[in-house]
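Please have the sequence and the coordinates to hand while reading.

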Amino acid sequence: MLPFQPSTPSMSLLYVEDESIIRETTASSLRMRFPSLGLYSAENGEHGLQLYRKHRPDLVLTDINMPAMNGIVMAQEMLAIDPSAHIIVISGHSDLLYLQDAIRVGVKRYLLKPLDLQLLFETISESLSRLGMERQVRRQEQYIKMLSQAMEQNSTMVAIADSKGDIEYVNGKFSEFTGYSSKEILGRNLRHLHADDAAFAGFDEIWNRISAGKEWRGESTNRKKNGQTYWEAASIAPLFDSEGCISHFVTIREDITKKRKRQDEMDRIQKLESLGVLAGGIAHDFNNILTGILGNISFARNLVNETDQLKVLLDEAERASYRAAQLTRQLLTFARGGKPVKKQVSVRHLVDEALSLALSGSSVQGVVRISQSIHAIEVDAGQIQQAFNNILINAVQAMAEGGTVTVEAENVRLDQGHELGVEPGSYVRISFADEGRGIPARNQKKIFDPYFSTKPGGSGLGLASTHSIITKHGGHIGVESSPGSGTNFICHLPSTGEVFSGSADTPKDGINPDGAGGAVLVMDDESVVRQVTGNMLQSLGYRVTTCINGEQAIDCFKRAKETAAPYLAVIMDLTVIGGMGGKEAAQHILALDPRAQLVVSSGYFDDPVLADYKEYGFCAVMPKPYKVSDLAELMNSLSRSRPGTTAQP
Ligand SMILES: Nc1ncnc2c1ncn2[C@@H]1O[C@H](COP(=O)(O)OP(=O)(O)OP(=O)(O)O)[C@@H](O)[C@H]1O
Ligand SMILES: [Mg+2]
């Protein structure tokens with residue numbers, strides 16, 4: 001049964017008769033017998049034809065012998081207008097010869113005079129019901145045509161199978177999208193539409209459900225004829241016959257690959273964010289501990305003789321501590337949603353720096369193809385360099401026998417509706433292509449997950465932090481790889497839309513461990529940090545006072561100022577649990593002495609205060625963990641810029 005029944009409009013009849021008494025009595029009998037039938041009457045063929053043209057009645061009942069135009073000529077004209085016109089001729093015995101003409105022109109029925117009313121009624125009833133049926137069939141045909149057109153032009157894939165699941169119909173979209181022609185699919189079982197092995201194995205469960213008369217809906221991966229995998233949302237619903245038995249199954253499928261990719265990306269970002277919160281907390285404590293370890297080692301190293309065997313052991317311990325510090329750094333990159341502190345930089349400069357760092361000491365060649373017209377990007381240079389570095393180190397590791405890594409960059413515009421899920425606008429597309437062993441398809445989804453690594457000793461944090469850095473910059477990172485033919489990482493970063501106009505950063509001062517003397521206040525809530533920093537500074541020739549929070553630091557500073565023995569510098573921890581931290585304390589101290597040299601130190605190397613320290617009144621940064629030579633370098637530069645000296649800052 002069709003769910004939609006087009007309504008049948010009421011029918012009409014044209015009655016043509018020149019004898020007015022007969023016409024009127026017959027017409028009134030017809031009205032009484034068929035009250036819902038529209039009735040037009042005419043007194044001759046000409047008038048009849050006029051009314052036919054105007055009203056197109058469903059049925060025509062006509063006398064033959066009439067003035068102006070006889071019934072046969074009129075019927076012929078009407079049939080010329082509509083070959084399916086339904087005409088009944090009433091013929092007297094004297095007109096019998098005309099009947100042959102009537103049949104020749106296409107009149108299908110006739111009645112003889114004198115008119116038997118009962119027979120007339122039966123004939124009309126019969127004609128009306130035949131016409132009604134014909135009309136219904138025609139409408140249903142149109143309706144089916146409309147449905148099949150809708151099915152064919154539908155943007156979803158539709159397949160219809162019989163009660164055994166053998167496919168009887170697939171629409172155009174199905175063939176177009178999957179690459180299977182209807183010839184290749186018809187007769188195959190629904191089960192084989194699940195080309196993916198896992199989905200194929202799960203089909204028994206689906207079959208149990210749908211053959212029990214229930215609808216099934218789900219999302220799964222599937223494969224096109226050319227082997228390409230895609231995600232689809234599918235539903236399979238049973239259709240029932242008039243006895244309530246399953247006659248067919250209709251399956252509707254939609255390609256949701258883009259949607260799934262976007263969802264996967266969102267899930268990944270969310271996962272990284274929550275992991276970041278955890279990692280951030282751990283890394284902070286870890287850096288304090290490492291400051292203790294690294295500081296003491298570097299301090300101890302300075303106390304032993306160059307030729308002492310102990311020095312080798314301490315060097316080894318220092319290297320191990322550095323590796324631990326590096327790991328913490330990676331962890332912190334995606335910790336706490338630390339916002340990148342951006343400035344305009346040159347893509348070429350960043351790529352060159354990252355390449356020289358990552359390729360040094362390896363047998364891998366770097367090729368850079370970046371034109372002069374490349375636009376500048378506004379990024380946290382340190383973070384992006386780390387991101388590029390992680391990609392390049394992987395490339396080097398993937399080419400143990402040597403090879404080439406090619407870095408290319410170009411300007412692109414991402415318009416509304418592009419596939420990357422970032423804001424439309426101007427971007428720089430940077431690709432890093434290596435000639436290594438490639439990444440198997442099953443791993444490609446996992447490589448950005450933290451702790452996913454296929455390398456012995458790999459932490460699996462490189463690409464997780466790269467992903468985090470790039471997305472925090474409003475960019476996108478993707479990978480293209482097939483085993484044996486190398487890997488290509490493609491980054492999109494928002495660009496300024498203009499060529500870089502600034503200059504590269506100037507190099508930092510070198511280490512000058514000449515120890516200058518003076519008083520230093522160290523504020524940190526971790527005793528191990530206070531102790532080791534104090535020891536290191538003392539070994540460099542400074543007098544050291546330590547305190548545990550901002551309140552104490554302000555106090556110490558005030559007292560030192562009053563006794564005319566001010567501090568050369570105050571090294572302050574940024575975060576103090578349960579007390580005033582460095583950011584707030586700095587404001588109070590600067591209120592006492594605007595020229596105070598305040599150094600901010602933190603385990604959160606990505607904290608915006610560290611990146612923008614001058615804004616907060618600090619004159620230098622000391623990220624944890626640090627060792628003696630780092631402190632020496634810091635103190636040298638502070639001694640040179642000590643208030644009252646003439647040295648350059
Ligand atoms: N260029 C590449 N070629 C082949 N495989 C790669 C490439 N880049 C990444 N991979 C794969 O992705 C995995 C994850 O990379 P990621 O950089 O996150 O971690 P890792 O290199 O294993 O460890 P680490 O934390 O030391 O970087 C690698 O173990 C490797 O299997
Ligand atoms: Mg790596």
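In what follows, Ala, Val, Leu, Ile, Met, Phe, Trp, Tyr, Cys and Pro count as nonpolar, Asp, Glu, Lys and Arg as charged, and the others, Gly among them, as polar. On that basis, the shell around ligand 1 holds 8 nonpolar, 10 polar and 2 charged residues. This is a predicted model, in which local features need pLDDT of at least 70 and side-chain atom pairs count only at pLDDT 80 or more, while totals for chains, interfaces and linings use all residues. Residues are numbered from 1 along each chain as its sequence is written, ligands are numbered from 1 in the order in which they are written, and side-chain values use heavy atoms, with hydrogens and water left out.

**Ligand 1**

- Among the 20 residues around ligand 1, those that come nearest are D434, S453, T454, K455 and S459 (near: a heavy atom within 4 Å).
- α13 (381-398), α15 (462-472) and β17 (487-499) each contribute at least two residues to the shell, and α13 gives the largest share, with 4 residues (helices are DSSP runs of H or I with at least four residues, strands of E with at least two).
- An oxygen atom of ligand 1 lies 2.4 Å from a polar side-chain atom of T454, and a polar side-chain atom of S459 also lies 2.4 Å from an oxygen atom of the ligand (polar contact: N or O atoms within 3.5 Å).
- Taken alone, ligand 1 exposes 590 Å², of which the protein buries 91% (Shrake-Rupley method, 1.4 Å probe).

**Strand β5**

- L112 is found in strand β5 and is partly exposed, with a relative accessible area of 35% (partly exposed lies between buried, under 20%, and exposed, over 50%).

Methods: A polar contact is a pair of N or O atoms within 3.5 Å; within protein, one must be able to donate a hydrogen and the other to accept it, and residues adjacent in sequence count only if both atoms are side-chain atoms. Buried means under 20% relative accessible area, exposed over 50%, partly exposed in between (1.4 Å probe, protein chains only).
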